[in-house]
Amino acid sequence: MPVKTKRILPNLTFQNFFLRLSLVLVMLALISGISLDYLNFRQKETSYLPWTWLTRPSIPAEAEKKVEKKVETARRQKPVKPAKPGPQPVAETSSQKNLPLVAIIIDDLGQDLSFMRALINLQVPLTVAILPEAGQAIETAQLAADHQFDVLIHQPLEAFNGQTIGTGADGLITTTMSQEEIWSRLEKNFERLPVAKGLNNHMGSKGTANQYLMEIIMEFLKQKNLFFIDSKTSPKSIAYDLAVKMKVPAASRQVFLDADEDRSKIKDRLIELFLSAKKNGQAIGIGHPFLETLQILEAYLPEARNYGVQLTRVSEIIDRQKNTGQKKASD
Ligand SMILES: [Zn+2]
């Protein structure tokens, strides 16, 4: 018996080994077959195993299309609105694309927030010029920027009448100041109103006619990437021409809306502004925080398109000029 056992055991071990080897070989063949099939699938060639089920969720094509459609519809339906209510960017359709542009700047803001809030309620694109040293200047600028208004530094400049005190004369720059004094005053004002996109002059009949003073201001604007709007408080102003010469983006005011003592003329001035835009393709008007001005703006600006013009922020007029300039340069 012990001999028999000895004989059978090696036989069994041999058979066992052979069986295991065959199993391993079959497994290897299977694995390489599956791998090859997967490679074929990855290379988008004919494969026999259902790899698509394993690699992506099994959404039937029709259902998938429906989901895509829903997302697309939601995207289209969701209005693109700024976080807070305010003047909305005016959507351009092909027929309105080339309407003459009208930008209105409201000067002398920053004393208190009430007029700024009233302007926000108009729900139209406007620009505000803030006296940098006024009591609520910083708050007004922030509120304006939060509601998509363009903000300008309303820089007090020396006038021929010698006015150096009174509302808005704080932070005044005069023609007798040194270069350093002028520069540091500009720096200080820009630090107070960092959201500003540009600068326009408050008063300044003497200042804007002074080459020395205006050259320093233009150099400052250039360095800070700000544009210049000449309020044109004097026909002797050289500011706009100098800005063009020094390659500072610039524009000039065409119409003062409420300079007349007789406030009943504001509406006529507004119509004059619209006509000026139609004649020249664009026009800039300046108004002040008077109740009568607000009432006229409220009555006419929401319907500006009925007069064949498009209301916009002053930076868009500057941008349009830049683009036209570039086109001319590339011609
Ligand atoms: Zn002013």
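This is a predicted model: local features need pLDDT of at least 70, side-chain atom pairs count only at pLDDT 80 or more; totals for chains, interfaces and linings use all residues.
Figure 1. Residues are numbered from 1 along each chain as its sequence is written. The protein has 11 helices and 9 strands, taken as DSSP runs (H or I of at least four residues for helices, E of at least two for strands) and numbered from the N terminus. Among contacts with a separation of 6 or more, 70% join residues 24 or more positions apart; a contact here is a pair of C-beta atoms, placed from the backbone, within 7 Å. The mean pLDDT (the predictor's confidence in each residue, from 0 to 100) is 81, and 69% of the residues reach 70 or more.

**Figure 2. Helix H5 and its buried face.** In H5 (residues 137-146), the buried residues are Ala137, Thr140, Ala141, Leu143 and Ala144. Seen down the helix axis, these buried residues fall within an arc of 165°, so they line one face of H5; the arc is that of the directions from the axis to the C-beta atoms. Their cover includes strand E1 (101-109), helix H4 (114-122), strand E2 (127-130), strand E3 (150-157) and helix H6 (179-192).

**Figure 3. Strand E3 between its two neighbours.** E3 is largely enclosed by the rest of the structure, because 8 of its 8 residues are buried. Asp150, Leu152, His154 and Pro156 point one way from E3, and Val151, Ile153, Gln155 and Leu157 point the other way. E2 runs parallel to E3, joined by 4 bridges; two strands pair if DSSP finds at least two bridges between them. In this pairing Ala129 has Leu152 of E3 as its bridge partner. E2, H5 and E3 form a right-handed β-α-β unit: with the strands pointing away from the viewer, the path from the first strand over the helix to the second runs clockwise.

Figure 4. E1 and E8 run parallel and are joined by 6 bridges, with Ile104 opposite Gly285. Strand E7 (residues 255-256) is likewise parallel to E8, through 2 bridges, and Phe256 has Ile286 as its bridge partner. From E7 the chain passes through helix H9 (residues 266-280) to E8 in a right-handed β-α-β crossover.

**Figure 5. Val102 in the largest nonpolar core.** This core has 71 residues, of which Val102, Ile105, Val128, Ile130, Val151 and Phe228 touch the most other members. A nonpolar core is a set of buried Ala, Val, Leu, Ile, Met, Phe, Trp, Tyr and Cys residues joined through C-beta atoms within 7 Å. Leaving out residues up to four places away in sequence, Val102 touches residues including Leu273, Phe274, Ala283, Gly285 and Val309.

**Figure 6. Gly207 in its loop.** Gly207 sits between strand E4 (198-203) and helix H7 (211-224). It is buried, with 26 other C-beta atoms within 10 Å. Beyond its neighbours within four places in sequence, Gly207 is in contact with Leu157, Glu158, Ile173, Thr175, Asn201 and Leu213. Its C-alpha atom is separated by 9.8 Å from that of Ser234, 27 residues away along the chain.

**Figure 7. Two loop residues with positive phi.** Most residues other than glycine have a negative phi. Gln148, in the loop between H5 and E3, has a positive phi near 65°. It counts as partly exposed because it has 17 C-beta neighbours inside 10 Å. Lys232 has a positive phi of about 55° and lies in the loop between strand E5 (227-230) and helix H8 (239-245). With 22 C-beta neighbours inside 10 Å, Lys232 counts as buried.

How values were computed:
Two residues are in contact if their C-beta atoms, placed from the backbone, lie within 7 Å. A residue is buried if 20 or more other C-beta atoms lie within 10 Å of its own, exposed if 12 or fewer, and partly exposed in between; C-beta atoms are placed from the backbone.
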